[in-house]
Amino acid sequence: MKLYYSPGACSLASHIVAAEGGLALELEKVDLKTHTTETGEDFTAINPKGYVPALRLEDGALLTENAALLPYVGDKAGLMPKDGMARYRALEWIGFISGELHKNFAPLFGGGDEDAKAKAKEKITARLKLVEDKLTGDYLMGDGFSAPDAYLYVILRWAEKMKIDLSASPRLVQFKARMDKRGGVQKALSEEGLA
Ligand SMILES: N[C@@H](CCC(=O)N[C@@H](CS)C(=O)NCC(=O)O)C(=O)O
């Protein structure tokens with residue numbers, strides 16, 4: 001499998017899951033400004049959506065969208081609940097993180113005006129508090145790490161970078177510190193040149 005990624009972007013989540021599961025993963029960095037990959041390919045010819053993550057599968061097909069990659073890589077890594085209600089809960093987390101957290105960073109990363117940025121920060125803070133209230137174990141699905149945790153971790157890295165106030169969410173702060181120490185997280189960060 002080959003992951004098209006940009007350092008620290010949402011593609012880091014699937015990268016972490018693969019690293020945590022010990023999966024062999026080829027990496028190709030994408031410059032999101034020029035839409036060129038590190039081997040000089042036109043990324044829009046590879047993925048017409050123009051954004052990461054994109055995963056080249058063993059059969060040559062391309063899979064996109066965090067909501068598809070995280071369960072896919074998670075299943076291969078044994079880090080996604082296989083069936084029953086737990087699987088739907090994990091998908092519920094991935095959907096929430098994608099639609100309600102990730103998307104709200106757009107004004108902060110995309111050069112929105114000050115008002116839009118302040119509103120986005122307010123929304124993200126409130127939605128992270130919802131996660132805080134549900135986080136009763138060490139990880140989103142309880143005591144063990146699973147694929148949605150990697151996505152939440154990426155969001156918390158962004159929140160830190162954007163100086164989003166997490167004082168009302170101490171369990172999330174502890175979760176981030178717990179994730180920072182995991183071997184797969186450190187491996188993925190180092191492979192992306194972030195540690
Ligand atoms: N709907 C996509 C969104 C992915 C996304 O927002 N990717 C960002 C990096 S975190 C990106 O590549 N942005 C560059 C662009 O949109 O041109 C998904 O969930 O996979």
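Because the model is predicted, local features are taken only at pLDDT of at least 70 and side-chain atom pairs only at pLDDT 80 or more, while totals for chains, interfaces and linings use all residues. Residues are numbered from 1 along each chain as its sequence is written, and side-chain values use heavy atoms, with hydrogens and water left out.

Helices here are DSSP runs of H or I with at least four residues, strands are runs of E with at least two, and both are numbered from the N terminus. α7 covers residues 147-161, 15 residues in all, and spans 22 Å from its first C-alpha to its last, close to the expected 21 Å (1.5 Å times one less than the number of residues). Of those 15 residues, 12 are buried, so α7 is largely enclosed by the rest of the structure. Buried means under 20% relative accessible area, exposed means over 50%, and partly exposed falls in between, with a 1.4 Å probe and protein chains only. Among the buried ones are Y151, Y153 and W158. Just past the helix, K163 takes a positive phi of about 55°.

A pocket is an open set of points on a 1 Å grid over the protein atoms alone, where a 1.4 Å probe fits and protein lies on both sides within 12 Å along at least five of seven lines; lining residues have an atom within 4 Å of a point. The lining has 24 residues, with A9, C10, H102, F109 and W158 nearest the centre. Helices α3 (66-77), α5 (106-109) and α7 each supply at least two lining residues, and α7 gives the most, with four.

Helix α4 (residues 84-101) holds L91, which is partly exposed at 34% relative accessible area.

Salt bridges (a side-chain nitrogen of Lys or Arg within 4 Å of a carboxyl oxygen of Asp or Glu) number 13. One of them pairs K2 with E28 at 2.7 Å, N to O. K2 is in strand β1 (residues 2-5) and E28 in strand β2 (residues 26-31), 26 residues apart. Both ends count as buried, K2 at 15% and E28 at 3%. Another joins E20 and R182, with the closest N and O atoms 2.8 Å apart. This pair links helix α1 (residues 11-20) to the loop between α8 (170-180) and α9 (183-191), across 162 residues. R182 is partly exposed at 23%. R171 and E132 come to 4.0 Å at their closest N and O atoms. R171 lies in α8 and E132 in α6 (residues 114-134), so the pair ties together parts 39 residues apart in sequence. R171 is partly exposed at 35%, whereas E132 is buried at 3%. Finally, E160, K176 and D180 are linked in a salt-bridge network.
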